[in-house]
Amino acid sequence: MDKAILLAIAASVCTATASLCQRKGARDDQAAGFDVRLLIRLARRPAWLGGIAAMIGGFAFQITALRYGDLSQVQPILAAELLFVFGWLAIAGTRRVTGRDLLAAAAMSAGIGVFLRVAAPSGGRLHAPGSSWLLAGLVTAGLVAAALAVASGLGRRPGASRSGRAAVLGAATGISWGFMAAVIKELSSRLGGGPGAVFSAWSLYVLLAAGAVTMLLAAHALAAGPLAASQPGFTILDPLAASLLGVFLFGEHIRTGPAALAGEAVALAVVIAGAAALSRSSLIAGQDAPASRPHQAVTASAASGHPPVGGPGARAGTPRPAWADQDLDPARAAA
């Protein structure tokens, strides 16, 4: 159990790093619809490739953690990913850490710990029947397709929020990752049989196919809008979907007495509230703040005594300065 927990924490660190790198690589490539060529464009960007490397490391830690621990035990720990996103941004010093940020981080950590303590997940079988896998796959595909339809509708709506579309795509990605975790759990049981057992297992090829789809979903979610909008879907729905699949597919047991269920519900509510609060933190939202704002140019013009370019006070025939064509204000140009 200790090995599973430590490996799951390492996986969370890797996936948090992957989210930050991939958002940095995708923020300038906003696709209005579902574009299968998006991954080809992103593959040319070092930040995105660095995120892929971190994601692969996260999968390696995750599959090893699932070899030692149950799905309903490992996946809730992966919800700490948002905490590590918060930590990386705090270390970078882009925004001041507030008391609200620290309280949300502490609440989320405590909620995960209490859930694991109260639920005490254990037991379960190594393999699930084919009919159960088929049903789980169909339900997952249906939920992802419904989310894509909603996101597509938001993309075609002129006044729709970018954050709303990113949040929907983030939710679809989280559900897909939860299904992938279940497939990884199935595949991890074959590792003891050597390469022959792994390459002859159906779960390896389902994992590759599901991984390609999930990577495309994640790319669209990260390109659609702020990281603060997509990250909660990644963080919350992934462990919730995986935990449900662990119970349904592998027969994993969690405590279901009235007191235990009440404690689990309260713990999950605290985790969700903490994740929601952290997702609105200035540390995360600041990653998508524009480099300059229109009022900055007006303020700079007023301070310098010069009218803004093209404004009411501009004289006809006045040449446009070089900074005007670069979408910079005079103060930034001088800097």
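Is Trp 202 buried, partly exposed or exposed? Select Trp 202: its relative accessibility is 37%, and that counts as partly exposed. The classes are buried under 20% relative accessible area, exposed over 50% and partly exposed in between, with a 1.4 Å probe and protein chains only.

Before moving on, two ground rules. This is a predicted model, in which local features need pLDDT of at least 70 and side-chain atom pairs count only at pLDDT 80 or more, while totals for chains, interfaces and linings use all residues. Residues are numbered from 1 along each chain as its sequence is written, and side-chain values use heavy atoms, with hydrogens and water left out.

**Stop 1: the whole chain**

Show the cartoon. The chain has 15 helices and zero strands. Both are DSSP runs numbered from the N terminus: helices are H or I with at least four residues, strands are E with at least two. Of the 335 residues, 44% count as buried. The accessible surface comes to about 16100 Å², and 67% of that belongs to carbon and sulfur atoms. Areas come from the Shrake-Rupley method with a 1.4 Å probe; for residues, only the protein chains shown count as cover. Now think about contacts, meaning heavy atoms within 4.5 Å. Among those between residues at least 6 apart in sequence, 82% join residues at least 24 apart.

**Stop 2**

Trp 133 sits in helix H7 (residues 130–156) and Trp 202 in helix H10 (residues 202–224), so the pair ties together parts 69 residues apart in sequence. Trp 133 is buried, at 8% relative accessible area.

**Stop 3**

Select residues 162–188, helix H8. Its end C-alpha atoms are 38 Å apart, in agreement with the 39 Å its 27 residues should span at 1.5 Å a residue. The expected span is 1.5 Å times one less than the number of residues. Of those 27 residues, 22 are buried, so H8 is largely enclosed by the rest of the structure.

Next, show the side chains of Glu 186 and Arg 190. They meet in a salt bridge, 3.2 Å from N to O. The term needs a side-chain nitrogen of Lys or Arg within 4 Å of a carboxyl oxygen of Asp or Glu. The structure holds one such bridge. Glu 186 is buried at 1% relative accessibility, whereas Arg 190 is partly exposed at 27%.

**Stop 3: helix H11**

Select residues 227–250. H11 has 24 residues and reaches 33 Å from its first C-alpha to its last, close to the 34 Å expected. Where does the kink lie in H11? Go to Leu 237, shortly before the proline Pro 239: the kink there is about 25 degrees. The bend is the angle between axes fitted to the seven residues ending at a residue and the seven starting there. H11 is mostly covered, with 19 of its 24 residues buried. Step past its end to Gly 251, whose phi is positive, near 65 degrees.

Now pick Ser 230, also in H11. Ser 230 is buried, with a relative accessible area of 0%. Leaving aside neighbours within four places in sequence, Ser 230 contacts Ala 166, Gly 170, Ala 221 and Leu 222.

**Stop 5**

Select Gln 22 in helix H1 (residues 2–26). Gln 22 is buried, at 2% relative accessibility. Beyond neighbours within four places in sequence, its contacts include Ala 47, Trp 48 and Leu 222.

Finish on Trp 88, in helix H5 (residues 81–92). Trp 88 is partly exposed at 38% relative accessibility. With neighbours within four places set aside, Trp 88 touches Val 13, Ala 16, Thr 17 and Leu 20.
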